Amino acid sequence: MVGEVWYVAYGSNMHAARLGFYLAGGCPPGGRRTYPGCRDPRPPRRTVPVSLPGGVYFAGESRAWTGGMAFYDPALPGEAAARAYLLDVGQFADVAAQEMYREPGADAGLIAEAVATGRATLGPGRYETLLCPGRLDGLPLLTFTAPWAASEVPWRAPAPAYLDMIARGLRESHGWDADRIAQYLLARPGVAGAWDAVAVAALLAGTHRREGAGLTTDLPEVPG
């Protein structure tokens, strides 16, 4: 079993400060859930922007944010913007457990299965399926999503606070400007047809003001 893996975030955890609550514990601003944190709360060793084949869509009902949740479907056309964080395998297991509403400290066997076969499913829950879409610098890329395809569930619009966090993550990790972020978000199933360009532009304008006020906190990079 490898000692390190890349955790690939495509939703709110693209924002480094948001991921920090999974690592160190606590309740993020705008959220409704307090996270216990990882047994090892250290920041990621590295973080890099990545793109995955497929797409992101919104469905279900978030217990942390309300509104639809972001899911990754490799069968969707296009590419999904994401951010890869280099974590110890135990840290990734604890992040995955918290996404699955389980206590940190779970067996890492599911990770080994996902790395070996490309996919592993713990249960029918919304983030209980692990995918390994490839490798980066020789280490596996791992993310979690729902066991169903985007075409099998009704799409649902995300809440403003959730979409704002994703927008901040896109700006922070990929360096995109507001126009590119808006184009990307407006093309996501669940956002398309529910959010219009004016509403997304207003959201992004608020995001920019908050970042300008120094409310964006990044995780430090630690040499590997």
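Tutor: Axes here are lines fitted to C-alpha atoms, for helices over the stretch in contact, and angles run from 0 to 180 degrees between N-to-C directions. Keep in mind that this is a predicted model.

Student: OK. At what angle do α1 and α2 pack, and how far apart are their axes?

Tutor: The angle between α1 and α2 is about 100 degrees, and their axes are 9 Å apart. Angles of 65 to 115 degrees count as roughly perpendicular, so α1 is roughly perpendicular to α2.

Student: Which residues make that contact?

Tutor: From α1 they are Phe-21, Tyr-22 and Leu-23, and from α2 they are Gln-91, Val-95, Gln-98 and Glu-99. By class, the contact of α1 with α2 has 4 nonpolar, 2 polar and 1 charged residues.

Student: And which strands does α2 lie across?

Tutor: Helix α2, residues 89-99, lies across β1, β5 (79-88), β7 (129-136) and β8. Against β5, α2 runs at about 125 degrees.

Student: Sheet next. What's the strand order?

Tutor: The order is β2-β5-β1-β8-β7-β6, in an open sheet of 6 strands with mixed pairing. Its edge strands, β2 (47-53) and β6 (119-121), each pair on one side only. Direction ignored, neighbouring strands of this sheet are turned by 35 degrees against each other on average.

Student: Do β1 and β8 run parallel or antiparallel?

Tutor: Parallel, with 2 bridges joining β1 to β8. Tyr-7 stands opposite Leu-142 in β8.

Student: Now the largest pocket. What volume does it have?

Tutor: About 350 Å³ for the largest pocket. The lining of this pocket has 27 residues, and Tyr-22, Met-69, Glu-99, Tyr-101 and Tyr-127 lie nearest its centre. Tyr-22 and Glu-99 are also among the residues of the α1 and α2 contact.

Student: Which elements supply the lining of the largest pocket?

Tutor: β1 (4-9), α1 (16-24), β4 (69-73) and β8 (139-145) each supply at least two residues. β1 gives the most, with 3 residues.

Student: How does the lining of the largest pocket split by class?

Tutor: It has 15 nonpolar, 6 polar and 6 charged residues.

Note on methods. Residues are numbered from 1 along each chain as its sequence is written. This is a predicted model: local features need pLDDT of at least 70, side-chain atom pairs count only at pLDDT 80 or more; totals for chains, interfaces and linings use all residues. Side-chain values use heavy atoms; hydrogens and water are left out. On a 1 Å grid over the protein atoms alone, a cavity is a set of points where a 1.4 Å probe fits but cannot get out, and a pocket is an open set with protein on both sides within 12 Å along at least five of seven lines; lining residues have an atom within 4 Å of a point. Grid points are joined across faces, edges and corners, and a volume is the space filled by probe spheres set on the points. Helices (H or I, at least four residues) and strands (E, at least two) are DSSP runs, numbered from the N terminus. Ala, Val, Leu, Ile, Met, Phe, Trp, Tyr, Cys and Pro count as nonpolar, Asp, Glu, Lys and Arg as charged, and the others, Gly among them, as polar. Two strands pair if DSSP finds at least two bridges between them. Contact means heavy atoms within 4.5 Å. Angles under 35 degrees count as roughly parallel, over 145 as roughly antiparallel, 65 to 115 as roughly perpendicular and the rest as oblique.
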